[in-house]
Amino acid sequence: MHVLFMPVWGSSEYSGFLQKHADETLFYNSLDKPEGSVRLYYCIHTKGTDTDSSCCLSDTSVKMPLSRSLSMTSLSGVLPAWEEDELPVEDLLLFEVAWEVTNKVGGIYTVIQTKAKITADEWGENYYMMGPYFEQNFKTQVEACEPPNPNIRKAMDSLIHNGCQVHFGRWLIEGSPYVILFDIGSAAWNLDRWKGDLWQTCNIGLPYHDREANDSLILGSLIAWFFKELTDNLGDKPNVIAHFHEWQAGPGLILSRSRKIPMATVFTTHATLLGRYLCAGNADFYNNLDKFNIDKEAGERQIYHRYCLERAAVHCAHVFTTVSQITAVEANHMLHRKPDVVTPNGLNVKKFSAMHEFQNLHSTSKARLQEFVRGHFYGHLDFNLEKTLFFFIAGRYEFSNKGADIFLESLSRLNYLLRVHRNDVTVVVFIIMPAKTDNFNVESLKGQAVRKQLWDTAHTVKEKFGTKLYDALLKGNIPDMNSILDRDDFTIMKRAIYATQRHSLPPVTTHNMLDDSTDPILSNVRRIGLFNSRNDRVKIIFHPEFLSSTSPLLPMDYEDFVRGCNLGVFPSYYEPWGYTPGECAVMGIPSVTTNLSGFGCFMEEHVTDPAAYGIYIVDRRFRSPEESCNQLTQFMFSFCQQSRRQRIIQRNRTERLSDLLDWRYLGRFYIHARHLALSRAFPEKFKVDPIAPLKTEGFRYPRPYSVPPSPSASLHSTPHHSDVEDDDDDEPYDEDEEAERDRLNFKAPLVLGAMPEGKKKQPGESGN
């Protein structure tokens, strides 16, 4: 089997490496179908020219129709009724392969960790995860045990007897799935031989200095070897399904398919490799998807070999999936294959028995944030904490990709609007993005110490006051207030007040930054002039570390912190999925996202009016940056003008959307992908009609009847809050009645693959 291979543009390192190869390379995306149903792809490589010979994929024989992409627009219901047979899991073995199994690196760890429970519940002891072995991770996260399946034990022993270490156990997470971990170091002596195998198989060469790519090849070779031994032992039954995540798992898929190992394969890209690099370089990515010279761009960034691994894995897999509709468009251009299924990322949602319970958690966590703010702004605490809203942005420090640039500019404009309208609301913004620091900021630590000292002083005086008052009342006397507190008490209180005076502004950052002068966030804070002055209605706190309950400064874990906030703001430019707004939703916290994030696209398709349910979607795809910035500013300003009751109702609705993000619902897309892969790998045993759309019944959440129907409609008639705006806070809120109103207006799902009416088509976007 020959795998698609492309010429290197802009990278002299590989030019001689490829010189000897033929002008034409064939790639067979064989699905092990009967003769005549194989699809051939041609890639013309013209030697000695500068012309763009990027891949031209053309069908030369298409007797088996392509399966249609499982578009989110076709599944707009919350719980669609899947009319397909359940898989006979007792006759199957499911393996999930990822570099982040027991090894936390990024977001894929969250995906496979949270999905483990529903998959283990479905597959029982026939579900296994596979990844690299790291001694420390194994000791702290895995309980070693013996494989329940003797065939797996035999396959492991075959590798072990040949000098490669393989470890087995239960991963100590929800669901306790079995894990098979391969020791890369013990097999590194085979690297040169396996590089030769990869070159002979698909003409992809790996440079010696790219350790991550070399480790991926070692892991992939061990996995392919394991699958070969396993399938030889199993024979015809049970059949094997292998699901590979991201390019690091790609070599295992490529080698397994090239060796014709009888198993069904699924490959999922959570974000294309080249897409990450292009967006990190501030390229106008989505408007130029059809204009990029893919090979040239990959070569210039010295990642061509990685790109080849990713693309080969995509085309080798029986089923190719990605996590969102926006990433499906990206993959179609970057990797030249349209995803067969979109598999959105979910969470394990834990519902409370009573609606008020999560509201109580919000109040408790908010009180802890208020205590931190009292210390951080000591000496400048001239704003009402009861009318203070907490906004936050969190994630990897990717200044442009995560939308921190547009967020900071919008905060400047929000500050202007709040001051012009003399609004008594104050917004405290937390920026939680890890950066290089050397320690906590002294001023930040001092602030918390001053707050604690003031609290202790007040508590001491209160105890003394209470004792004297109690004694006087027991004697039947009305105490003289002047005699209850003596001169020493007043002295102590005055000293405490003087201690809260400060001559500098509250710090913007809680830590000492190593690159203070060049840090993008701090540079933009200086540009917009938000220095936490008394006149500013928007205050900024940059916490350049992930949160921890053991921190001496802000001792809260991330979940408690999110619950205490009022609004999460994630105006990302490049976000294949986006867990942060999803985590906000399941905790009942409204959030801002964009139509360039997978989460935002998902909500647009499922919810008629996302803003009414606390999901504000900024248009960054079809609007200019200036227009997007103004839209974000308007969202935040409108949110600031909501009454307390409106925010409570909105949190109830936001939390109700958590059903959409539950793995118990979204896991069904993975079920369909596996079924589709089995039908292509073993067509005589498993049948799926590749043309017929899924027969589902669904609905979309409509706009609720009650306030706030949209951000603009929830504005007050004047820019000032009424002094009695909270008088109606105790007005009954019937959750069952709210839900019934929703269900009266459920809408049928949109037609598969149809473009929503009035939506502008992205340049280069295909119509299917």
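The following legends describe close-up views of a predicted model of a protein chain.

**Figure 1. Overview of the protein chain.** The secondary structure of the predicted chain comprises 24 helices and 19 strands. Of its 768 residues, 58% are buried. Among contacts between residues at least 6 apart in sequence, 76% join residues at least 24 apart. The chain exposes about 32100 Å², and carbon and sulfur atoms supply 51% of that area.

Figure 2. The strands follow the order 16-13-12-17-18-19, and their pairing is parallel. From one strand to the next, the twist averages 25°.

**Figure 3. Strand 12 and its two partners in the sheet.** Strand 12 (residues 388-394) is joined to strand 13 by seven bridges, and the two run parallel. Within this pairing, Phe390 has Val428 of strand 13 as its bridge partner. Two bridges join strand 12 to strand 17 (residues 567-569), again in a parallel arrangement. Here Phe392 stands opposite Gly568 of strand 17.

**Figure 4. Burial of strand 13.** Strand 13 (residues 426-432) is mostly covered, with seven of its seven residues buried. In a regular strand the side chains alternate between the two faces of the sheet. In strand 13, Thr426, Val428, Phe430 and Ile432 point one way, whereas Val427, Val429 and Ile431 point the other way, and all are buried.

**Figure 5. Phe430 and the nonpolar cores.** The largest nonpolar core has 88 residues. Phe430 is listed among the residues with the most contacts inside this core, together with Phe391, Leu411, Leu414, Phe561 and Met603. Not counting residues up to four places away in sequence, Phe430 touches Leu369, Phe372, Val373, Phe390, Phe391, Phe392, Ile393, Ile541 and Phe561. Apart from this core lies another, of 78 residues, which includes Cys164, Val240, Phe292 and Tyr307.

Figure 6. Helix 19 (residues 579-586) lies across strand 12, strand 17, strand 18 (591-594) and strand 19. Relative to strand 18, helix 19 runs at about 145°. Helix 20 (residues 598-606) lies across strand 18 and strand 19, and runs at about 115° to strand 19.

**Figure 7. The salt bridge between Arg502 and Glu443.** The model contains 35 salt bridges. In one of them, the side chains of Arg502 and Glu443 meet with an N to O distance of 2.7 Å. Arg502 lies in the loop between helix 16 (487-499) and strand 15 (511-513), whereas Glu443 belongs to helix 14 (residues 442-474), so the pair ties together parts that are 59 residues apart in sequence. With a relative accessible area of 10%, Arg502 is buried. Glu443 is partly exposed, at a relative accessible area of 25%.

Figure 8. Arg563 forms a salt bridge with Glu559, and the closest N and O atoms are 3.6 Å apart. Both residues belong to helix 18 (residues 558-564); because they are four residues apart, they are separated by about one helical turn. Arg563 counts as buried at 8% relative accessibility, whereas Glu559, at 43%, counts as partly exposed.

Figure 9. The side chains of Arg623 and Asp619 meet in a salt bridge with an N to O distance of 3.9 Å. Arg623 is partly exposed, with a relative accessible area of 39%. Asp619 counts as buried, at 16% relative accessibility. A network of salt bridges also links Glu409, Arg413, Arg527 and Glu626.

**Figure 10. The surroundings of Lys115.** Lys115 is found in helix 2 (residues 107-123). At 1% relative accessibility, this lysine counts as buried, because the cut-off for burial is under 20% relative accessible area. Leaving aside neighbours within four places in sequence, Lys115 is in contact with Glu96, Tyr127, Trp663, Tyr670 and Arg674.

Key
Residues numbered from 1 in each chain as written. Predicted model: local features only at pLDDT ≥ 70, side-chain atom pairs only at ≥ 80, totals over all residues. Heavy atoms only, no water. Pairing = 2+ DSSP bridges. Axes fitted to C-alpha atoms, helices over the stretch in contact; angles between N-to-C directions. Contact = heavy atoms within 4.5 Å. Core = buried A, V, L, I, M, F, W, Y, C linked by side-chain atoms within 4.5 Å. Buried < 20%, exposed > 50% of the residue type's maximum accessible area, 1.4 Å probe, protein only. Salt bridge = Lys/Arg side-chain N within 4 Å of Asp/Glu carboxyl O. Areas by Shrake-Rupley, 256 points an atom, 1.4 Å probe, with all protein chains shown as cover.
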